[in-house]
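Colleague: I'd like to learn how to read a model like this one, feature by feature. Could you walk me through it?

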Amino acid sequence: MTHKQQVDNSRSGFHYFMKGWELLALPGIRRFVILPLLVNILLMGAAFWWLFHQLGTWIPLLMSHIPDWLQWLSYLIWPLVTVSILLVFSYFFSTITNLIAAPFNGLLAEQLEARLTGHTPPSSGLLDILKDVPRIMRREMQKLAYYLPRALVLVLLYFIPGIGQTLIPVIWFLFSAWMLAVQYCDYPFDNHKISFPVMRQALRQHKIANLQLGSLISLCTMVPLLNLLIMPVAVCAATSMWVDRYRHLSATANRR
């Protein structure tokens with residue numbers, strides 16, 4: 001392993017998160033940010049406006065499942081319940097937004113990777129994007145199939161008295177962080193036709209950095225205004241991580 005690879009592999013998820021904000025403003029890249037940004041602003045803005053109008057009903061309903069012997073901890077459990085709702089719906093809304101914006105996110109990752117590696121950016125027009133839509137949608141369905149069974153188990157565990165209201169919100173946060181890392185790191189992987197199982201295995205080799213990145217993205221999806229900007233930032237951050245840690249996998253994939 002070269003010294004450069006050692007340095008790259010030592011970079012934290014926080015480093016890549018901050019790098020994402022920096023890369024967002026690169027000349028020549030900004031125009032590829034506009035469409036994903038508009039999709040995110042329109043959909044996430046509307047979704048969170050609706051969600052915050054529902055919280056007053058949902059929180060008391062979920063708090064009613066707390067057993068009597070845990071009522072004395074309700075002042076601690078209430079914030080956990082609120083965060084759980086925000087996490088569930090943040091990921092749900094961001095999944096829908098990413099599904100719609102996936103072709104544009106893939107294009108942003110492709111153009112940014114070319115800039116970071118010094119290669120000539122591929123010329124991708126609207127026709128090229130449309131041709132890739134069926135493949136991109138199949139990939140999004142793979143991610144959804146990976147997510148839904150695990151999410152369902154966590155939702156069911158929430159209704160176990162005591163454990164559900166205390167441990168599950170923490171587990172859900174970590175799960176959401178992992179899924180957001182999977183979601184955004186997958187764009188450069190998919191651009192190089194690297195399979196979804198191979199991508200997951202590669203991410204697990206750098207699990208801590210990916211959890212750090214996913215956690216920061218997850219926190220931003222719960223913050224008004226920040227959640228409107230976070231999608232292209234996350235794509236830029238994940239693409240930077242791809243270039244540092246995973247790009248060698250494209251050579252292996254091309255030899256198959």
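Modeller: Let's go from the overall fold to the core, the salt bridges and the surface.

Modeller: First, the ground rules: this is a predicted model, so to speak of a local feature we need pLDDT of at least 70, side-chain atom pairs count only at pLDDT 80 or more, and totals for chains, interfaces and linings use all residues. Residues are numbered from 1 along each chain as its sequence is written, and side-chain values use heavy atoms, with hydrogens and water left out.

Colleague: Fine. How many helices and strands are there in the protein?

Modeller: Helices (H or I, at least four residues) and strands (E, at least two) are DSSP runs, numbered from the N terminus. Here you get eleven helices and zero strands, so the order from the N terminus reads α-α-α-α-α-α-α-α-α-α-α.

Colleague: And what share of the contacts joins residues 24 or more positions apart?

Modeller: A contact means heavy atoms within 4.5 Å. Among contacts with a separation of 6 or more, 82% are between residues 24 or more positions apart.

Colleague: How much of the protein counts as buried?

Modeller: Buried means under 20% relative accessible area, exposed over 50%, and partly exposed in between, with a 1.4 Å probe and protein chains only. Of the 256 residues, 48% are buried.

Colleague: Now the core. Which residues have the most contacts inside the largest nonpolar core?

Modeller: The general idea is that in soluble globular proteins, nonpolar side chains tend to be buried together. A nonpolar core is a set of buried Ala, Val, Leu, Ile, Met, Phe, Trp, Tyr and Cys residues joined through side-chain atoms within 4.5 Å. The largest one has 53 residues, and those with the most contacts inside it are Leu-108, Tyr-184, Phe-189, Leu-203, Ile-217, Met-241 and Tyr-246. At least two residues of this core come from each of H2 (13-24), H3 (30-63), H4 (74-117), H5 (126-158), H7, H8 (196-204), H9 (207-221) and H10. H10 gives the largest share, twelve residues. There is also a second, separate core of eight residues, including Ala-47, Phe-48, Leu-86 and Phe-93.

Colleague: Can we zoom in on single residues? What does Met-241 contact beyond its neighbours within four places in sequence?

Modeller: Met-241 meets Tyr-16, Cys-185, Ala-209, Asn-210, Leu-213 and Tyr-246. Another one to look at is Ile-230, in helix H10 (residues 226-246). Ile-230 is buried, at 2% relative accessibility. Not counting residues up to four places away, Ile-230 touches Phe-17, Trp-21, Asn-40, Ile-217, Cys-220 and Thr-221.

Colleague: You mentioned cysteines. How many disulfides are there?

Modeller: A disulfide is a covalent bond between the sulfur atoms of two cysteines; the test used is a pair of cysteine sulfur atoms within 2.5 Å. By that rule the count is zero. Cys-220 is buried at 8% relative accessible area, and Cys-236 is buried at 0%.

Colleague: On to charges. How many salt bridges does the structure hold?

Modeller: A salt bridge is a side-chain nitrogen of Lys or Arg within 4 Å of a carboxyl oxygen of Asp or Glu. The structure holds seven. In one of them, Asp-186 pairs with Arg-139, with the closest N and O atoms 2.6 Å apart. Asp-186 lies in helix H7 and Arg-139 in helix H5, so this pair ties together parts 47 residues apart in sequence. Asp-186 is buried at 1% relative accessible area, and Arg-139 is buried at 6%.

Colleague: What else does Arg-139 form a salt bridge with?

Modeller: Arg-139 also pairs with Asp-190, at 3.7 Å between the closest N and O atoms. That pair links H5 to H7 across 51 residues, and Asp-190 is buried too, like Arg-139.

Colleague: And within a single helix?

Modeller: Take Lys-143 and Glu-140, whose side chains meet in a salt bridge at 2.8 Å, N to O. They are three residues apart in helix H5, which means about one helical turn separates them. Arg-135, Arg-139, Glu-140, Lys-143, Asp-186 and Asp-190 are linked in a salt-bridge network.

Colleague: Last stop, the surface. Which residues make the nonpolar patch?

Modeller: Patches are made of residues with over 30% relative accessible area and no salt bridge; like charges are joined within 9 Å, nonpolar side chains (Val, Leu, Ile, Met, Phe, Trp, Tyr) within 5 Å. Areas come from the Shrake-Rupley method with a 1.4 Å probe, and for residues only the protein chains shown count as cover. Val-153, Leu-157, Ile-160, Ile-163, Leu-167 and Ile-171 make a nonpolar patch of about 480 Å². Ile-171 sits in helix H7 (residues 168-191) and is partly exposed at 40%. Overall, the protein exposes about 12700 Å², with carbon and sulfur atoms supplying 70% of it.
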